[in-house]
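Visitor: Please put the model up, and then take me through its sheets, its helix packing and its loops.

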Amino acid sequence: MTDPFAFQRFDDEYELIFLASPRLVPDPDMCLPAKFVLHRSQKVVNAYLLEPEGRLVVHQLMTSIRILYVDDNNEHRDLVADALVQFDERFDVILERGASDAIDRLAADDEAIHCLISEYELPDQTGLELLATVREEFPQLPFILFTGVGSEALASEAISMGVTEYLPKRYEETQHERLGNRILDAVSQSRIEQDRDRVYEALEAATQGISILDADGRYRYVNDAFADLYNCTPEEILGEHWTGLYPEPEVTRFQQEVRPRLDETDMWMGRCRGMTVDGTIFPERASVTQLDTGGYVCVVRPVTELDGNEPTLEQQNEQLDRFVSVVSHDLRNPLNVAIGRTELLQNEYDSEHLTEAQQALDRMAELIDDLLTLARNGQRVDDISPASLAANAKTSWQHICSDDSTLVIDTDLVIRADRCRLQQLFENLLQNAIDHGGDGVTITVGSCEDGFYVADDGPSIPEDRREKIFEAGYSTHMNGTGIGLSIVADIATAHGWKLKATESAAGGARFEITGVEIVDR
């Protein structure tokens, strides 16, 4: 199957591009990132996640890089370890003498090892034998063969066995700098590939039919759900033109009605008729986004008996589509220009007026993001499945930019929920705690009777405001949009949960979500 991702490497930047524009798909069923960028600058690795609605979120990717170094030469091993820590203070080097000790460490260590460095000559095995074991048990772990026993034959064999880097030991001043750079490169690329695999798995697991077409209209990627709709396999569709899966009247309609809309707004969503490979025609709903490359991303689902009110729903969706188009394009584009110009002016002039203007523009961008979230999702959930509160809270915390705040997980509950919207709920509650709790706030996610809670040790919410805070537009924070907690309330309502604001044990705010369905384990 064709890989739907492009991987590019530049001098100081690694880029994994999901083949879609920032306006991935105007369909709220989609919750997939459009673009990952890993950038190494001044020894800080950052990840830039460009979400479907175009919001740019910046995260510090790694604050600690754990390296397992295997070498039985104690003096040289300690020297290399000290040099690596001096090269990058984030390096945490764990030392082992032999291959079996290294494998035991990998299997038992609670914290992940990000890179393994090994000498070739070890007491119990060779470095290549260790590499073979690692590739079998930990296939994605970067492995650097750093050896004083160098030869072209050894290098060739190591490369054929899947070594990440082969680096002969050279007794020169730049040796440890070269090794440090190789480690950073290997870890960055490994994380990119893991992110790519996760996105790819999400595409394959999606219940919606998803396809990617090139500029000529031929399928470059389809998932199983898409192929099932047309009663065929993905392999039968790849390379074929899209017109083979639609009756002639629909092809004409696309050329006359849909194509102009795509050229104008880059997106279209509505009803159409698909055709299976055996000629059976069926109704479907399609969401199409035109890519910057000239190709398309298409998400489809069949129309069922539950869509009996489709004409009215169609009109509502078209109105919503127009609203999303105006907000995400007609408003966001000039806003982005204004933000960029203001940043350029700040580089040239030192003025408090420019700072205030930048803050106002940033607040407008946040408001647009929140409005789009409400417009696209509202009170709906689509994919209910078992979801770990701890895992989803940790994932959401990674999307929050806060160096001084602390997250405490005090629950092992697994509930039934739409994971995408559960993470959105956590993100909004965590960000709310940081916004109102100030620097150094501690946030706890825990279990309560019939559900779970998110609490902090910041200021409490006055009793007379504990219901108003969930109203759209209400905010006690001077820079708040007043929509974040409204989205939380919508997510809770969509799941049939109850949401209540109260006071935490530490005297801060506590949000209780009850009425959840707990999964027995």
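Guide: Two strands pair if DSSP finds at least two bridges between them. Helices (H or I, at least four residues) and strands (E, at least two) are DSSP runs, numbered from the N terminus. This is a predicted model, in which local features need pLDDT of at least 70 and side-chain atom pairs pLDDT 80 or more, while totals for chains, interfaces and linings use all residues. Residues are numbered from 1 along each chain as its sequence is written, and side-chain values use heavy atoms, without hydrogens and water.

Visitor: In what order do the five strands of the open antiparallel sheet stand?
Guide: β12 (219-222) and β13 (267-275) each have a single partner strand, so they stand at the edges. The pairing is antiparallel, and the order is β12-β11-β15-β14-β13.

Visitor: What angle does the direction of helix α8 make with that of β13?
Guide: Axes are lines fitted to C-alpha atoms, for helices over the stretch in contact, and angles run from 0 to 180 degrees between N-to-C directions. Helix α8 (residues 248-265) packs on the sheet and touches β13, β14 and β15, where contact means heavy atoms within 4.5 Å. Its direction relative to β13 is about 165°.

Visitor: What is the bridge partner of phenylalanine 146 in β10?
Guide: Strand β9 (residues 143-147) and β10 run parallel and are joined by four bridges. For phenylalanine 146, the bridge partner in β10 is leucine 167.

Visitor: Is α2 roughly parallel or roughly antiparallel to α3?
Guide: The axes of α2 (residues 99-108) and α3 (residues 127-137) come within 10 Å and cross at roughly 15°. Angles under 35 degrees count as roughly parallel, over 145 as roughly antiparallel, 65 to 115 as roughly perpendicular and the rest as oblique. Therefore α2 and α3 are roughly parallel.

Visitor: At what angle do α11 and α12 pack?
Guide: The contact includes Trp397 of α11 and Phe426 of α12. Helix α11 (residues 389-398) and helix α12 (residues 419-437) have axes 8 Å apart. α11 is oblique to α12, and the angle is about 60°.

Visitor: What is the relative accessible area of asparagine 231?
Guide: Asparagine 231 sits in the loop between α6 (224-229) and α7 (234-237). Its phi is near 60°, a positive value in a residue other than glycine. Buried means under 20% relative accessible area, exposed over 50%, and partly exposed in between (1.4 Å probe, protein chains only). Asparagine 231 is partly exposed, at 48%.

Visitor: Where is aspartate 450 found?
Guide: Aspartate 450 has phi near 70°, a positive value in a residue other than glycine. At 44% relative accessibility, aspartate 450 is partly exposed. Its place is the loop between β19 (442-448) and β20 (451-456).
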